[in-house]
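Have the sequence and the structure open while you read.

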Amino acid sequence: MFRKIPFVKAELDVIGMTQGYARRPGSPIRNTPVTPRENMISLFYDKKPFWMPTFGELAMTGSEVYTKHLGRGRACDITDVFGIEWEYVESAGGSIVRPGTPLLDDVNNWKEVVHIPDISDWGWEEEAKETKLDPRFSHEMSLINGFWFERLISFMDFMEAAVALIDEEQQDAIKELFAATTDLACKVVDKICELYPLVDFINVHDDWGSQAAPFFSQDVAYELFVPFMKQLTDHIHSWGRKATLHSCGHNEDRIQCFIDGGFDLWAPQNMNHIKELYDNYGDKIIFAAWPEQFDPETCPEEEQRRIARKFVDDFSTPGKPAILSQYGRFALTPAFSDEMYEYSRKKYGELFG
Amino acid sequence: MSKIEEIASAVERGKAKLVPGLVEEALDEGADPVEILNKGMIDAMSVVGEKFKNNEIFVPEMLVAARAMKKGVEVLKPSLGGSSDISIGKAVIGTVQGDLHDIGKNLVCLMIESAGFEVQDLGVDVPAEKFVESAADPDVKIVGVSALLTTTMPAMKATVEALNQAPNRENFKVMVGGAPITQEFADEIGADAYTPDAATAASVAKAFVVG
């Protein structure tokens with residue numbers, strides 16, 4: 001019935017701001033006829049959104065418990081539970097392992113040096129009690145530094161990790177290691193899903209490519225990664241949640257791996273050809289997309305509005321919903337976001353009303 | 001297939017365990033060590049570089065090929081007359097100050113070494129003075145400067161400016177690369193070349209030195 005409510009200008013009123021994540025500003029909360037969470041759930045489950053949502057409406061949240069033990073998302077140096085030292089780089093807003101002293105030089109030795117932790121007494125319950133999530137939003141819990149290639153790199157440095165992927169003498173050990181890290185990931189998912197009923201999405205990180213190409217072949221991906229991805233996404237789905245993927249790099253050639261790995265959404269970086277991906281695969285996985293580039297300082301308001309309408313038109317094929325990606329955040333001027341909301345709200349009303 | 005062709009094939013396929021034996025066999029059969037190096041290995045690595053550029057192979061395959069060549073060179077070295085037979089020049093390569101990324105820099109080191117250079121890897125987080133100091137070596141023909149962050153591009157600019165002030169500047173070429181770097185930026189800061197990937201870096205470096 002809500003779909004029958006016609007758009008009125010008062011919907012554009014900003015009635016608040018989301019909290020923001022990772023030192024980034026929040027997103028405006030509008031005076032919408034259904035909540036952003038209802039819109040997002042409608043988008044993911046029925047593929048019939050009420051309006052084109054922004055990445056900010058899929059409210060990213062993090063667990064300090066997770067990042068302290070397993071992640072790298074904190075704005076300080078940390079030693080993770082495996083003993084890996086992460087160095088925070090202020091200017092980049094992220095952490096990196098200083099190369100040169102890897103924990104592991106041969107994956108066959110992983111059981112001697114990599115100790116899979118018991119996560120049960122890390123203080124999940126206490127953290128959840130203190131965490132207040134806005135029920136108007138779908139929340140996406142981010143598991144920064146995932147469980148497969150990124151984790152292997154943190155153990156071995158990049159070059160040894162890359163070589164191990166095609167070393168027949170290490171491949172079985174990699175599968176054993178990934179089975180263990182995936183099991184660990186499932187336990188983390190259990191904690192999040194048990195304790196955070198407002199978390200609808202679990203965001204998993206695994207960077208697979210450089211700015212020019214994937215790091216490894218599709219054969220390697222299917223042999224070593226996809227089965228474990230599928231195991232984790234099946235587990236996320238068993239909790240009634242959706243699985244989203246953060247995989248940096250020029251990875252469009254690995255899209256079928258992400259689909260077969262069971263992910264519901266991928267947010268590609270903008271060196272990928274998003275329209276082509278959307279046209280060819282948008283019915284199988286949801287994309288976080290971005291509009292054509294413009295300079296918010298110099299682009300006239302009418303032009304910004306035209307770009308917003310084109311963006312909605314380009315990514316509104318029925319059965320292929322999309323959201324505005326964080327890589328399109330340059331576009332979030334008042335004119336663009338007002339136009340994107342109003343135009344998509346009217347268009348989706350006609351399409352799905 | 002000749003022994004040198006066998007070596008080339010083994011290098012291309014990254015067969016590090018096979019290459020040393022094949023090099024020994026080639027030497028026993030009287031093959032010219034310089035030809036083994038050039039045709040059996042460096043040319044093979046050029047093929048690998050092309051395949052990498054065309055996304056026919058990926059980082060792991062390129063790495064194992066470079067390592068296979070290295071194993072072969074170890075066997076070959078005693079048979080080569082002198083360093084001029086082995087090396088076409090020296091390259092010093094590093095990631096700029098404030099930047100800890102080493103993936104691209106390491107790939108460039110391997111590919112440039114595979115193209116016939118002697119490589120001095122300066123590591124990551126390298127101050128401009130260290131680049132200049134290393135470039136003072138008269139054998140240095142290439143200085144490679146890497147940056148992976150937009151926030152460390154100013155450090156790359158400062159490094160290239162410092163290198164451009166070096167009294168022996170005409171002795172070496174400055175090459176830059178990294179995810180945020182463009183040809184336009186390279187031109188702006190006064191670098192001699194920008195290359196988008198490790199394989200191209202190797203071929204451009206080689207062209208600078210041997211024409």
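Which residues have the most contacts inside the largest nonpolar core? Keep in mind that this is a predicted model. The core in question has 168 residues, and those with the most contacts inside it are I7(B), V11(B), M45(B), M111(B), I112(B), V143(B) and V176(B). Among the elements, α4(B) gives the most, with 10 residues. Domain 1 (3-82) and domain 2 (87-210) of chain B each put in at least three residues. As background, nonpolar side chains in soluble globular proteins tend to be buried together.

Take V143(B) as one of those core residues. Setting aside neighbours within four places in sequence, V143(B) is in contact with V92(B), F131(B), A135(B), L163(B), F172(B) and V174(B).

Now for where the chains meet. On the chain B side, 18 residues are in contact with 20 residues of chain A. Both α4 (59-76) and α6 (103-114) of chain B supply at least two residues of that side, and the largest share, five residues, comes from α4(B). So how do the chain B residues that touch chain A divide by type? They come out as 11 nonpolar, four polar and three charged.

Over in chain A, helix α8 (residues 218-238) is worth a look: a kink of about 50° lies at F225(A), shortly before the proline P227(A). F225(A) is also one of the buried residues of α8(A), along with others including V220(A), L224(A), F228(A) and L232(A). Just after the helix, G240(A) takes a positive phi of about 75°.

What covers the buried residues of α8(A)? The elements in the table are included in the cover.

| Element of chain A | Residues |
|---|---|
| α5 | 149-156 |
| α6 | 158-165 |
| α7 | 168-195 |
| β8 | 199-205 |
| β9 | 242-246 |
| α9 | 255-260 |

Last stop: L12(A), which sits in the segment before β1 (14-17) of chain A. As for F50(A), which is 38 residues from L12(A) along the chain, the two C-alpha atoms are separated by 14 Å.

Technical notes
Residues numbered from 1 in each chain as written. Chains lettered and ligands numbered in written order. Predicted model: local features only at pLDDT ≥ 70, side-chain atom pairs only at ≥ 80, totals over all residues. Contact = placed C-beta atoms within 7 Å. Helix = DSSP H or I, 4+ residues; strand = E, 2+ residues; numbered from the N terminus. Nonpolar A, V, L, I, M, F, W, Y, C, P; charged D, E, K, R; others polar. Core = buried A, V, L, I, M, F, W, Y, C linked by C-beta atoms within 7 Å. Buried ≥ 20, exposed ≤ 12 C-beta atoms within 10 Å, placed from the backbone. Domains from an automatic or database assignment. Bend = angle between axes of the 7 residues up to and from the residue.
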